[in-house]
Amino acid sequence: MAERFTVTTPIYYPNDRLHIGHAYTTVAADALARYHRLRDEEVFFVTGTDEHGQKIEERAQQAGKTPIAYVDEIVADIRDLWQLLQISYDDFIRTTEPRHEHVVQEIFRRLETTGDIYLSQYEGWYCTPCESFWVEGKLVDGKCPSCGGPVQRLNEESYFFRLSRYAEPLLAHIEANPGFIQPTSRRNEMISFIRQGLEDISVSRTSFTWGIPLPQDPRHIAYVWVDALTNYITACGYLQDESRFERLWPADVHLVGKEIVRFHAIIWPAILLALGLPLPRAVYGHGWLLLGEQKMSKSRGNVIDPRQLVQRYGRDAVRYYLLREVPFGADGNYTEDALILRTNVDLANDLGNLLSRTTAMIERFTDGVVPAPTGKSVLRPTAEEAVKKAVRNLDRLQVSDAVVAVFELVRRANKFIEEAAPWQLNRTGDPRLADVLYDLAESLRIVAVLLKPFLVDAPHAIYRQLGLDSADAARLADAAWGGLPAGTRIQRGDPIFPRIDVEDAAVSDPAQAPEGTPEVSVDDFARLDLRVGTILSASKVKGADRLLELTVDVGESEPRTLVAGLAEHYQPEELPGSQVVVVANLQPAKIRGVVSRGMILAGKTQSGMQIVSPRQALPPGTKIK
Ligand code: MSP
């Protein structure tokens, strides 16, 4: 039984602002960390920055700054980004910290004594963006085999790491531990790479100075990849706090992008073998987020800023999209349209509506109190299956599948509302109403617990609206059926995920409405909740020429807020007192920051718009058929 879980992200280069590709790995690692905390394990989640190397030295120079001043600024910005996305890391390691310099120097000292590091002459090719050395034979058309960019010829004295010594032990380890490199496709790539033979690698440089000097020969600085990879053991306390190190190392998983699996699955384990340290339990190489079929990357300049997305759509929407959209492991295309669609369909429509419908029905049918179930639960098996599937997938690092498993319960619950038709049970006084409402509320509570690894705000909001304290959802065991006490008084609130108004969002090229209007059935029409409303107040929406914010009495205990495109046709002061027809069951949408709950009908002619009113005054809430 694993009692602790250590998970890492790559340490990022602070040579530029991070983009959603970096957020992708970090949010996934955060989901794993949160999941294991939910399992009550001791979690150590470490991320950080890889601050040395020629590229950073050059960037700092261009910016007219010292390297450390340059990276300090970007690191502060990275920490802000992680704060924005609520990344729950336990340690943030910077390779410029003394604790790390000490470890790197000590490793070089030790490995020189064991003969794993030796001085020789380096001849080969160097790719600065990838910080990688290549021997002639590995180049593709004279270019870097990793990024396809130009390489520079190098010929200099260098220390070497005896990687060749570890090809056999590494192969044996990979073969004996099928889960060591994941997914299987990357494992196979690594096996064939090692089988082609491993050459010793250059691990020091003399042509620039921004790095950690070797203790035995300070003209040399440590090759940036050795400096970087060893961050993982520094963070766990290696050579500083032995008992902490024993507790936290080996890592359970190094989560990395697929382009750096080679460093993590070959060079890093070989260094660990040379140091006599245990190997990480798994290296997981996930796929890339692409923009227009190309890898999103700073050097290509085709990057998307996660900060803007969070500002526009909220952090849960961005986290959800990153975790759900692309099957974990595969490459996937980023589009803003897909993010909006996911938010509107999965979060606003499926999850948000389930919560608002359920709480509305409890309010209306059982005076706002969760009833005690009397009979058999219909949703319980689905809920139990969702827990099992989410757990199984998270244990296998299949993050996107775990999210899907939770939403299977959400979808089933929505369908159950249609099947069970609680409004009819209410009308006929059928005692099964209590079972249905309890089933729905309890399923939502379980969904909230299961969403805790992925989303940071919604689980709390769901708990609050169910009338519960979200501190009671701290453990996976809380996802067991029956945890919701009958008699709980629900607390209805705003929609947890207002629909994103597509006009408001910067979406290119919205789909054209089809020609003509399709026929609808009587049933289709009956799905509309059309009611008479009386406008109580009207005011202009700040910063929007067309929009008015209205409060409308639609026969409920509280008036509704609606946003309507009427500002060019009516002055706000002419409207109070007017009667209107309201589509009362339209999905709520956030328009210019205002949550609009419904739509009013108006006729449109060339000369303008006219709101539709009953010929004679009718009580607000009167149903229109
Ligand atoms: N500093 C090295 C890693 C050293 S780890 C000991 C490095 N840094 S990086 O800033 O370039 O970050 C690379 C990592 O960022 C990738 O491995 C991946 O985790 C993430 N991603 C960067 N761009 C990405 C995409 N377009 N898509 C998915 N992940 C991406 O390499």
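Helices (H or I, at least four residues) and strands (E, at least two) are taken here as DSSP runs, numbered from the N terminus. This is a predicted model, in which local features need pLDDT of at least 70 and side-chain atom pairs count only at pLDDT 80 or more, while totals for chains, interfaces and linings use all residues. Residues are numbered from 1 along each chain as its sequence is written, and side-chain values use heavy atoms, with hydrogens and water left out.

Next, display the polar contacts, which are pairs of N or O atoms within 3.5 Å. A backbone N or O atom of I11 lies 2.8 Å from a ligand nitrogen atom, and a polar backbone atom of M296 is 3.0 Å from a nitrogen atom of the ligand. At T25, a side-chain N or O atom is 2.6 Å from an oxygen atom of the ligand. The protein covers 95% of the 670 Å² of accessible area that the ligand has on its own, by the Shrake-Rupley method with a 1.4 Å probe.

Now leave the ligand and turn to the backbone. Select P183, in the loop between β7 (181-182) and α6 (184-195), where the peptide bond from Q182 is cis with omega near -15 degrees. Another cis peptide bond joins W249 and P250, with omega about 5 degrees, and P250 is in the loop between α9 (242-248) and β12 (253-257).

Then move to D141, in the loop between β5 (132-134) and β6 (152-161), whose phi is near 50 degrees, a positive value in a residue other than glycine.

Finish at helix α15 (residues 399-420), whose end C-alpha atoms are 32 Å apart, in agreement with the 32 Å that its 22 residues should span at 1.5 Å a residue, the expected span being 1.5 Å times one less than the number of residues. Just after α15, A421 takes a positive phi of about 40 degrees.

How values were computed: A polar contact is a pair of N or O atoms within 3.5 Å; within protein, one must be able to donate a hydrogen and the other to accept it, and residues adjacent in sequence count only if both atoms are side-chain atoms.
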